[in-house]
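Work through the exercises below with the sequence and the model side by side. Try each task before reading its solution.

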Amino acid sequence: MIRAALTNRSLVIGLALSLIFVGAALVSFVWVPQDVATLDIANKMKTPSAAHPLGTDHFGRDILSMIMVGARTSIAVAVVAVVIGMGLGVPLGLAAAARRGSLLDEVIMRGNDLVFAFPSLLIAIMITAVFGPSALNAIIAIGIFNIPVFARLTRGAALSLWTRDYVLAARVAGKGAVRISAEHILPNVTNLLIVQGTIQFSLGILAEAALSYVGLGAQPPVPSWGRMLADSQTMISLAPHMAIFPGMAILLTVLGLNLMGDGLRDLFDPRIRRDRR
Amino acid sequence: MTYLNFTRGMVSALALVAAMTGTVGMAQAKTDIVVGMQLEPPHLDPTSAAAGAIDSVLYANVFEGLTRFGPDGSVNPGLAASWDISADGTVYTFKLHDGVTFHDGTTMDAEDVKFSLDRARAEDSVNAQKGLFAGITDVTVIDPLTVQVTLGAPNGSFLFNMAWGDAVIVAPESIENIKTNPVGTGAFKFDNWVQGDRIDIVKNPDYWGEPAKLDRATFKFISDPTAAFAAVMAEDVHAFAGFPAPENLPQFDADPRFQVLIGSTEGETILSTNNKQAPFDNIKVREALAHAIDRQAIIDGAMFGYGTPIGTHFAPHNPDYVDLTGNSAYDPEKAKALLAEAGFPDGFTTTLKLPPPSYARRGGEIIAAQLRAVGIETEISNLEWAQWLEQVFTGKDFGLTIVSHTEPMDIGIYANPDYYFQYDSAEFQKIMTDLTAATDPAARSALLKQAQEKISLDYVNGYLFQLAALSVANAKVMGLWKNAPTQATDLTAVYWAD
């Protein structure tokens with residue numbers, strides 16, 4: 001499996017890109033080139049130099065440091081949102097599959113359809129309009145949007161598993177639906193969940209950037225990639241580096257996570273891999 | 001050829017010439033203009049709302065008062081051609097211009113003046129600046145062109161008050177629909193309002209005074225700074241009053257297609273402090289706040305250098321202005337010492353609520369960093385104007401906020417203990433009462449200086465800078481106001497150079 005992973009180009013590139021940003025976020029806890037809380041107005045909008053490899057923003061803050069600390073915000077929001085989505089979506093999906101066709105199934109799946117029908121940004125705007133803009137509310141908004149994704153995926157996969165012989169055997173042995181779901185169904189959908197989790201993770205980063213861009217995500221002074229883009233907007237002709245670098249950070253992270261998701265799917269599902277070769 | 005035929009011939013010949021010059025009209029100056037601005041008025045009645053955007057569109061263009069502001073802030077005759085003031089300073093007799101009509105064709109006479117003033121000062125009046133009319137005890141019509149206003153006590157700024165956009169003359173015939181169809185006496189008539197997009201005004205052919213040089217003007221509302229930049233660059237708008245992105249101005253300045261007008265406004269930009277909320281009810285804390293702020297960094301960082309530091313709530317271009325920035329010089333060490341003295345050696349946490357303009361949003365981030373340096377943590381929340389008005393201005397639920405007070409000569413707001421920053425000082429209120437009664441220029445000047453010093457040394461608010469009037473226009477547009485002595489975009493003298 002390890003060798004297969006190493007020969008999978010998308011997985012290697014994706015993993016490398018993702019690790020760079022996770023690494024940058026971790027390093028930022030102990031060291032950044034320049035403190036992002038202190039402003040240095042005299043040195044504003046400087047182009048990249050040795051002292052500031054990616055230049056400075058309109059308040060004279062070091063953009064590399066901002067991106068490193070901003071990675072923390074993006075990753076934290078996206079991870080927690082995926083955890084919320086999985087934590088609620090997977091049990092709902094398992095329950096719906098276990099009681100296929102029942103009222104419970106109907107309620108869960110139609111509820112999911114309802115959430116799914118709303119654009120995620122609209123949900124986020126509704127939540128922040130009621131509770132005020134903050135990173136926490138962004139997490140909740142993105143997390144809610146993740147629930148139906150995981151619920152549907154889990155239910156779909158679990159339904160086919162419920163017809164398998166070993167599940168039948170477990171039922172004959174007298175195991176209840178909860179135990180079967182936990183012992184036989186869940187372990188067999190984990191691969192799928194990991195792949196989907198990676199994709200949702202990258203979507204979470206995009207969603208956080210979008211929310212911060214419109215001012216509904218992390219509030220200043222917490223650095224956020226989306227807000228860095230919003231701040232740079234009117235200065236794009238004066239200091240293009242202020243927009244390019246946070247934009248690149250978002251692009252590369254999302255690209256990396258998507259490649260990684262693709263690679264993992266190839267790895268977990270040998271049939272697709274064979275088809276592709 | 002009879003006389004009639006001759007004139008007919010002349011007329012058709014003239015028409016032919018006109019038609020010919022019309023076809024070569026490319027060389028002729030344009031007679032229409034599109035003016036961009038950031039905020040759209042909520043409705044079109046300047047006499048019943050505080051929204052400055054209403055005056056930005058209508059003041060001097062559509063509505064006029066007895067007196068009016070000039071581009072330099074001076075008070076000039078408006079609908080009143082002249083006036084006499086009684087020896088004791090309580091009776092003003094205004095002589096109105098003859099032959100003034102409203103845009104609906106009705107005559108503007110002394111009855112309309114009486115109606116407008118009585119309406120504004122009435123018990124149930126919704127005028128946003130009722131204080132302007134508070135001193136009036138009686139308005140009497142002497143004859144159609146003469147109106148007498150009696151004041152309870154002499155008021156040295158009465159003629160100034162009558163120049164405000166809130167004191168324009170309206171007609172009883174058209175008052176019902178004024179919010180959607182404003183009928184005034186100005187050089188332009190209201191034509192059309194496409195909500196969310198633009199307001200059109202057209203030249204009033206029957207104007208009583210110097211007619212407008214433009215035939216048509218459109219106010220286009222563009223709230224997003226990036227879109228504003230693009231609209232000016234693409235020449236979709238010919239002028240942008242109050243350009244929201246100061247960082248783009250050098251770029252316009254370097255472009256020969258545009259002119260950049262940098263003037264002064266009446267906008268004192270302040271770090272408004274809730275004087276009734278702990279710990280800001282402690283003057284030591286407010287003083288610490290004042291010393292923690294580095295004004296120049298805010299002007300450079302938020303306004304890209306445009307703005308004049310102020311140390312009190314008064315416009316620096318006013319002759320009575322006193323430079324009191326020394327009272328609150330940037331000194332973080334002193335700020336820390338004062339906080340310790342006030343019982344907050346480790347600082348405290350408060351809220352900082354910011355309305356949309358860039359001076360507030362960017363200034364807020366800079367101030368938050370400066371306050372953090374002395375131990376004061378701020379929770380920033382960015383609000384839209386409606387939320388700001390509701391939470392901060394009306395609800396008084398805030399610790400700190402940043403806002404620019406753009407009304408002219410508005411130091412009187414400090415005498416109102418219910419005003420949103422809730423400064424309650426009997427001493428200051430007395431200065432203001434004395435000021436209203438004083439008519440002697442020297443005494444007025446002395447009182448104004450005293451008032452400025454009082455609020456500066458009480459550290460009521462953090463005094464940051466005087467907002468600069470930043471406008472961008474096509475290089476060929478002439479006659480725009482450079483300064484903004486009141487909220488206005490006076491187009492009556494604007495024309496296109498050939």
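A polar contact is a pair of N or O atoms within 3.5 Å; within protein, one must be able to donate a hydrogen and the other to accept it, and residues adjacent in sequence count only if both atoms are side-chain atoms. This is a predicted model, where local features need pLDDT of at least 70, side-chain atom pairs count only at pLDDT 80 or more, and totals for chains, interfaces and linings use all residues. Residues are numbered from 1 along each chain as written, chains are lettered from A and ligands numbered from 1 in the order written, and side-chain values use heavy atoms, without hydrogens and water.

**Exercise 1. Describe the surroundings of Asp490(B).**

Step 1. Asp490(B) sits in the loop between β18 and β19 of chain B. Helices (H or I, at least four residues) and strands (E, at least two) are DSSP runs, numbered from the N terminus.

Step 2. Asp490(B) has a relative accessible area of 6%, so it is buried. The cut-offs: buried is under 20% relative accessible area, exposed over 50%, partly exposed in between (1.4 Å probe, protein chains only).

Step 3. List the side-chain polar contacts. One, of 2.4 Å, joins Asp490(B) to the side chain of Arg68(B). Another, at 2.5 Å, runs to the side chain of Thr492(B).

Step 4. Asp490(B) and Arg68(B) form one, with closest N and O atoms 2.4 Å apart. Arg68(B) lies in strand β2 (residues 67–69) of chain B, so the pair ties together parts 422 residues apart in sequence. Arg68(B) itself is partly exposed, at 21% relative accessible area.

Step 5. Leaving out residues up to four places away in sequence, Asp490(B) touches Ala60(B), Asn61(B), Arg68(B), Gly479(B) and Trp481(B). Contact here means heavy atoms within 4.5 Å. Pro71(B) is 419 residues away in sequence, yet 8.5 Å away in space, C-alpha to C-alpha.

**Exercise 2. How many salt bridges does a search of the whole structure find, over all chains?**

Step 1. Take the total. The search gives 27.

Step 2. Look at chain A. Asp105(A) bridges to Arg155(A), with 2.9 Å between the closest N and O atoms. Asp105(A) is in helix α4 (residues 103–117) and Arg155(A) in helix α6 (residues 135–162), 50 residues apart. Asp105(A) is buried, at 2% relative accessible area.

Step 3. Look for a network. Salt bridges link Glu106(A), Arg110(A), Asp113(A) and Arg152(A).

Step 4. Look at chain B. Arg372(B) pairs with Glu377(B), with closest N and O atoms 4.0 Å apart. Arg372(B) is partly exposed at 23% relative accessibility. Glu377(B) is partly exposed at 36%.

**Exercise 3. Characterise the contact between chain A and chain B.**

Step 1. Count the residues. Chain A gives 19 residues and chain B gives 19.

Step 2. State the area. About 1700 Å² is buried between the chains, with 57% of it from carbon and sulfur atoms. Buried area is the accessible area (1.4 Å probe) that two parts lose on being put together, summed over both. In chain A, Phe59(A), Pro220(A) and Thr234(A) lose the most area to chain B, together 30% of what that side buries.

Step 3. Count the polar links. There are six residue pairs in polar contact, both at pLDDT 80 or more. There is one salt bridge between the chains. Glu365(B) and Arg61(A) form a salt bridge, with 3.5 Å between the closest N and O atoms.

**Exercise 4. Classify the aromatic pairs of Tyr92(B) with Phe158(B) and of Phe252(B) with Phe258(B).**

Step 1. Set the rule. Rings of Phe, Tyr and Trp (its six-membered ring) pair if their centres lie within 6.5 Å; planes under 30 degrees apart count as stacked, over 60 as edge-to-face and the rest as tilted. The count over all chains is 29 aromatic pairs.

Step 2. Apply it to Tyr92(B) and Phe158(B). Their centres are 4.8 Å apart and their planes 55 degrees apart: tilted. Both residues are buried.

Step 3. Apply it to Phe252(B) and Phe258(B). The values are 5.3 Å centre to centre and 80 degrees between the planes: edge-to-face. Phe252(B) is buried at 0% relative accessibility, and Phe258(B) is buried at 6%.

Terms used: Salt bridge = Lys/Arg side-chain N within 4 Å of Asp/Glu carboxyl O.
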